[in-house]
Amino acid sequence: MSIQTLEQFITEQQTQFPQAKGEFTRLLQSISLAAKIVHREVNKAGLADILGKQGSQNIQGEEQQKLDVFADYYFLDILKKAGECCYLASEEHEDGLDLSSPSHYPNGKYMVYFDPLDGSSNIDANVSVGTIFSIYRRVSPSGELQDEDFAQTGRQQVAAGYVIYGSSTMLVYSTGKGVNGFTLDPSIGEFCLSHPQLRIPELGKTYSINESNYNQFSAGIKQYLQFCKNQDPATQRPYTSRYIGSLVADFHRNLIQGGIFLYPETSTYPNGKLRLMYECNPLAFIAEQAGGKASTGFLPILDIQPNALHQRCPLIIGSVRMVEEVLLYVKEEVELILNS
Ligand code: AHG
Ligand code: MN
Ligand code: MN
């Protein structure tokens, strides 16, 4: 049986760009290396003293787990040293790391935003967690970064992806030409192509939402949830409910099997809970590239104009027909707001 490693796959893809200097290839290799290190740690989490809380909070006031700090350290350290990046930003730090000064990498082309460990509150229970990454090419030619570099919308991502540390570890990514998935073979330490050209089913039967927030949802979302539960064998309803609480794991399941994930506005999180730059944008890019859809309810996630590194937005993402169904339910609310 013939295998294709991630490295071989990237090299083959890059031959289509004879002008490419190998920087993007090296950047993805760095992400893959950091992912393998986090995989190693996650897999011995029950053995070593790496479970549990770090005893500190991140910038968003969330309690940090030891593995949050570990994953953040390795992704930053490896990407920083690689030399292809002029900017790195992580969920765990208030400010991004600007490497565009003359003493660092003023010619580094790439800006990377990442959530080093997604779903980390699950780690002590041996539930799947992940890493999410989003890559932009700087717009300004070189030297210090400019406002226009930070103003790029999700649609301008040159690549995005995630790693899921699940029953097996997988790296799924897209450079805008479809989505490919690679499974880590720990015996050879390589990600191998296992899911070429992934497509999300147009319609699934799983809905995924933290329904304990029900009383805080808008009327449209409440009605949609009722629709999910109604009996209608012709449309496979009632749908089935699955909520892991690790965005990467919930998203990955829906990508493979079809389904929808929602984290709408609540009174606790009036703008939604999930973060645009390193959670919603990269997964929206993957969803669209796989034939799915991602929206806030108002507009496509990928069209949101960013204004802050840690900004939040509502997220409705998954199978195209299911997302469109939700949009019908929230349409009236959207029109009311637009006309007010
Ligand atoms: P993180 O661990 O990176 O802070 O992300 C947690 C996120 C996401 O993974 C998940 O979908 C969501 O928080 C769960 O939130 P609730 O506990 O409010 O449902
Ligand atoms: Mn997260
Ligand atoms: Mn996180």
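In which sense do β3 and strand β4 (residues 97–98) pair, and over how many bridges? They pair in the antiparallel sense, over two bridges. The legends below describe this and other views of a predicted model.

**Figure 1. Overview of the chain.** The chain holds eight helices and 15 strands. Its radius of gyration is 20 Å, close to the 20 Å that the globule rule gives for 340 residues, so the chain is as compact as a globular protein of that length. The C-alpha trace spans about 55 × 50 × 45 Å along its principal axes. Of the 340 residues, 52% count as buried. Among contacts with a separation of 6 or more, 65% are between residues 24 or more positions apart.

**Figure 2. Strand β3 and its two partners.** Strand β3 covers residues 85–90 and is mostly covered, with six of its six residues buried. Towards β4, the link is a hairpin through six residues. Within that antiparallel pair, Leu88 stands opposite Leu97 in β4. Strand β3 also pairs with strand β5 (residues 110–118), here in the parallel sense and over five bridges. In this second pair Ala89 stands opposite Tyr113 in β5. Strands of a sheet pair through backbone hydrogen bonds, either parallel or antiparallel.

**Figure 3. The sheet of eight strands.** The strands form an open sheet in the order β4-β3-β5-β6-β7-β8-β9-β10, and the pairing is mixed. Its edge strands are β4 and β10 (190–195), each of which pairs on one side only. Inside this order, strand β6 (residues 129–137) and strand β7 (residues 159–165) run antiparallel and are joined by seven bridges. Gly130 stands opposite Ile164 in β7.

**Figure 4. The sheet of five strands.** Which strands make up the open sheet of five, and in what order? The order is β12-β11-β13-β15-β14, again with mixed pairing. The edges are β12 (240–241) and β14 (293–295), each pairing on one side only. Strand β11 (residues 206–208) pairs with strand β13 (residues 260–263) in the parallel sense, over two bridges. Ser208 has Phe261 in β13 as its bridge partner.

**Figure 5. The loop between α5 and β12.** Most residues other than glycine have a negative phi, and most peptide bonds are trans. This view holds an exception of each kind. The peptide bond from Arg237 to Pro238 is cis, with omega near 10°. Pro238 is placed in the loop between α5 (219–229) and β12. Gln236 lies in the loop between α5 and β12 as well, and has a positive phi of about 60° although it is not a glycine. At 45% relative accessibility, Gln236 counts as partly exposed.

**Figure 6. Asn126 in the loop between β5 and β6.** Asn126 is found in the loop that separates β5 from β6. Its phi is near 60°, a positive value in a residue other than glycine. Is Asn126 buried or exposed? At 75% relative accessibility, Asn126 counts as exposed, the cut-off for that class being over 50%.

Figure 7. Glu279 lies in helix α7 (residues 276–289). With a relative accessible area of 2%, Glu279 is buried, because that class takes values under 20%. Which residues are in contact with Glu279, leaving aside its neighbours within four places in sequence? They are Asp115, Asp118, Ile132, Leu247 and Leu274. Glu279 and Glu91 are 188 residues apart in sequence, while their C-alpha atoms are 9.3 Å apart in space.

How values were computed: Residues are numbered from 1 along each chain as its sequence is written. Chains are lettered from A and ligands numbered from 1 in the order in which they are written. This is a predicted model: local features need pLDDT of at least 70, side-chain atom pairs count only at pLDDT 80 or more; totals for chains, interfaces and linings use all residues. Side-chain values use heavy atoms; hydrogens and water are left out. Helices (H or I, at least four residues) and strands (E, at least two) are DSSP runs, numbered from the N terminus. The radius of gyration is taken over C-alpha atoms; the globule rule is 2.2 Å times the number of residues to the power 0.38. Buried means under 20% relative accessible area, exposed over 50%, partly exposed in between (1.4 Å probe, protein chains only). Contact means heavy atoms within 4.5 Å. Two strands pair if DSSP finds at least two bridges between them.
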